[in-house]
Amino acid sequence: MRLGIISDVHANAPALEASLAALAGLKVDRLVILGDVVGYGPDPEPVTQRIAGLVTQGAICLMGNHDAAAVGAKASMNDGAAAAIAWTKPRLSESSRGFLSGLPMTAMLEDMLFVHADASNPADWIYVLDAATAMQSLLAVKARVTFVGHVHRPQVYCLTATAKVIAHTPTTNTAVPLSPQRQWLAVAGAVGQPRDGNPAASFLTYDTGSRELTFHRATYDYEATAQRVRDAGLPERLAERLISGT
């Protein structure tokens, strides 16, 4: 089975559609969305409805911290993120709010765990930023492969038999074989707001048969989307991030 795994769409419809088109070309069997459907971007309602439709077709979608905040959960956010959530809330339909409210925190499939943030306590929204936080997440679960979002930068970690965590920054379109003798954690890049210096939408595929993980990019008109962020009255920094990828 080939999975298509996306995360942090952040209400960016053009980036989502570019990623879905690329995944269709890669012939994935099932789609997994690791949360943060909304927040930051100008398209909260159409993106939520699009993803809700994908879930009815068999996709898995998890709750992210921005999704939780958009439906009323208390959240610790910087000023730009909080402003975007305040802007987003009245633009979500009752149907979209119901969809976001019902999203699970985690999902299991075979030997894989899917979660938006650190798996040791998903509701704390801890960023898996380094070997120490990856270790915390890996030791908390029995899954052989854990997929997380939240960070917006692609990264892969493995836990060796000697309890050492090794970090690997993946190269686009280059498969990373995941040895079954080790425990793995893959941090998905962001579709809607990458922060690794490349503004193209970032996502990954995972082949459960060959156990190969591959990161991909999809280009879209991020400058036009940035202008729509400005036109919506959202913080300028959110527009700049789409262009710079940082």
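**Exercises on the salt bridges**

Glutamate 236 is partly exposed, with a relative accessible area of 36% (buried means under 20%, exposed over 50%, partly exposed in between, with a 1.4 Å probe and protein chains only). The model is predicted, local features need pLDDT of at least 70, side-chain atom pairs count only at pLDDT 80 or more, and totals for chains, interfaces and linings use all residues. Residues are numbered from 1 along each chain as its sequence is written, and side-chain values use heavy atoms, leaving out hydrogens and water.

**Exercise 1.** Identify the salt-bridge partner of glutamate 236 and state its accessibility.

*Solution.* Step 1: the side chain of glutamate 236 meets that of arginine 230 in a salt bridge (2.9 Å, N to O); the term requires a side-chain nitrogen of Lys or Arg within 4 Å of a carboxyl oxygen of Asp or Glu. Step 2: arginine 230 is partly exposed, at 30% relative accessibility. Step 3: the structure holds 5 salt bridges, and this pair is one of them.

**Exercise 2.** Explain what the salt bridge between aspartate 111 and arginine 211 ties together.

*Solution.* Step 1: the two side chains meet at 3.1 Å, N to O. Step 2: aspartate 111 lies in the loop between β4 (106–109) and β5 (112–115), and arginine 211 in the loop between β11 (201–207) and β12 (212–218), so the pair ties together parts 100 residues apart in sequence (strands, E, are DSSP runs of at least two residues, numbered from the N terminus). Step 3: arginine 211 is buried, at 13% relative accessible area, whereas aspartate 111 is partly exposed, at 25%.

Note on methods
Helices (H or I, at least four residues) and strands (E, at least two) are DSSP runs, numbered from the N terminus.
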